[in-house]
Amino acid sequence: TAAINVVAGILAALWWPAFPGIVPAVLGDRDLQQGNALIAIAANAGIISGAGVAGALIAAFGAGTAIVIDGITFAVAALLVFSFRHITPAKPSGDSMFEDLRHGWHTFTSFRWLWVIVGAFGVILAGIRAGFDVGGPVLMKAEFNGAASWAIVQTGQAFGFLTGAIVASRIRPSRPLVYCLLVSLVIPVYLVALAV
């Protein structure tokens with residue numbers, strides 16, 4: 001399991017910086033918020049169905065088979081994403097990778113509001129992921145019906161994500177980062193509810 005998570009972490013580290021860069025190239029600034037919201041709606045609809053299917057697969061065939069099927073779906077997704085390569089052709093800077101990283105880090109740290117927000121959400125996400133991704137499965141295994149129960153919890157969370165994405169597609173706060181930080185104050189209620 002640890003080895004699988006290492007590979008998943010590497011792939012996520014390659015995917016997440018690239019994917020948000022594709023969206024503005026396709027949509028432009030005017031439609032970016034609504035586009036991101038629509039992507040979240042589609043993704044969370046997939047999570048809703050996927051969590052239920054995953055729980056059923058694990059219950060019926062075991063975790064190994066479920067992971068193989070999950071791997072196949074990621075391979076299909078990779079082929080689909082690969083077809084986007086013509087949308088945002090690479091524009092080499094002429095510098096080495098390390099020079100690009102140094103320049104990017106300097107730009108990032110030059111905006112205090114940016115690194116403060118990133119740091120704040122880093123702490124927030126660490127708390128959520130520890131409570132949900134680690135504590136949740138342990139709780140389900142110890143007190144409930146294991147994977148099947150966890151699939152129900154994840155499906156419920158995905159319905160919440162879907163609802164939030166729909167709301168996000170309709171509102172345009174004047175200060176989005178302040179809005180996000182205020183909304184994040186509800187997270188402790190969520191973790192306490194999971195614990196209870």
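1. Let me start with a question: with which residue does aspartate 133 form a salt bridge, and how far apart are the closest N and O atoms? The partner is arginine 129, and the closest N and O atoms are 2.5 Å apart. Please keep in mind throughout that this is a predicted model. The structure holds 1 salt bridge, so this pair is the one to look at under the cut-off of 4 Å between a side-chain nitrogen of Lys or Arg and a carboxyl oxygen of Asp or Glu.

2. Where does that pair sit? Both aspartate 133 and arginine 129 belong to helix H5, which covers residues 112–143. They are 4 residues apart, about one turn of the helix. Aspartate 133 counts as partly exposed because its relative accessibility is 38%. Arginine 129 is partly exposed as well, with a relative accessible area of 34%.

3. Now the overall picture. The protein chain has 8 helices and 0 strands, so a walk from the N terminus reads α-α-α-α-α-α-α-α. Along its principal axes, the C-alpha trace spans about 55 × 40 × 30 Å. Among contacts with a separation of 6 or more, 71% join residues 24 or more positions apart.

4. Of the 196 residues, 15% count as buried, where buried means under 20% relative accessible area.

5. Which residues make up the largest nonpolar core? The set has 5 residues in all: Ile41, Ile48, Ala158, Leu162 and Ala165. Helix H2 (32–61) and helix H6 (147–170) each supply at least two residues of this core, and H6 gives the most, with 3 residues. As general background, nonpolar side chains in soluble globular proteins tend to be buried together.

6. Leaving aside its neighbours within four places in sequence, isoleucine 48 is in contact with Thr155, Ala158, Phe159 and Leu162. Ala158 and Leu162 are also members of the core described above.

7. Isoleucine 47, in helix H2, is 112 residues from phenylalanine 159 along the chain, with their C-alpha atoms separated by 8.6 Å. Alanine 75, in helix H3 (residues 63–82), is 84 residues from phenylalanine 159 in sequence and 26 Å away in space, C-alpha to C-alpha. Isoleucine 47 counts as partly exposed because its relative accessibility is 39%. Alanine 75 is partly exposed too, at 41% relative accessibility.

8. Val6, Val7, Ile10, Leu11 and Leu14 make a patch of about 490 Å². Leucine 14 has its place in helix H1, residues 2–27. Is leucine 14 buried or exposed? Leucine 14 counts as exposed, because its relative accessibility is 61% and the cut-off for exposed is over 50%.

9. Next, a serine in a helix. Serine 149 lies in helix H6 and is buried, with a relative accessible area of 14%. Its side chain reaches the backbone nitrogen of asparagine 145 at 2.9 Å.

10. Then a serine in a loop. Serine 184 lies between helix H7 (176–183) and helix H8 (187–195). Why does serine 184 count as buried? Its relative accessible area is 12%, and the cut-off for buried is under 20%. A polar atom of the serine 184 side chain lies 2.5 Å from the backbone oxygen of leucine 181. Apart from residues up to four places away in sequence, serine 184 touches Phe121 and Ile124.

Methods
Residues are numbered from 1 along each chain as its sequence is written. This is a predicted model: local features need pLDDT of at least 70, side-chain atom pairs count only at pLDDT 80 or more; totals for chains, interfaces and linings use all residues. Side-chain values use heavy atoms; hydrogens and water are left out. Patches are made of residues with over 30% relative accessible area and no salt bridge: like charges are joined within 9 Å, nonpolar side chains (Val, Leu, Ile, Met, Phe, Trp, Tyr) within 5 Å. Accessible areas come from the Shrake-Rupley method with a 1.4 Å probe; for residues, only the protein chains shown count as cover. Buried means under 20% relative accessible area, exposed over 50%, partly exposed in between (1.4 Å probe, protein chains only). A nonpolar core is a set of buried Ala, Val, Leu, Ile, Met, Phe, Trp, Tyr and Cys residues joined through side-chain atoms within 4.5 Å. Contact means heavy atoms within 4.5 Å. A polar contact is a pair of N or O atoms within 3.5 Å; within protein, one must be able to donate a hydrogen and the other to accept it, and residues adjacent in sequence count only if both atoms are side-chain atoms.
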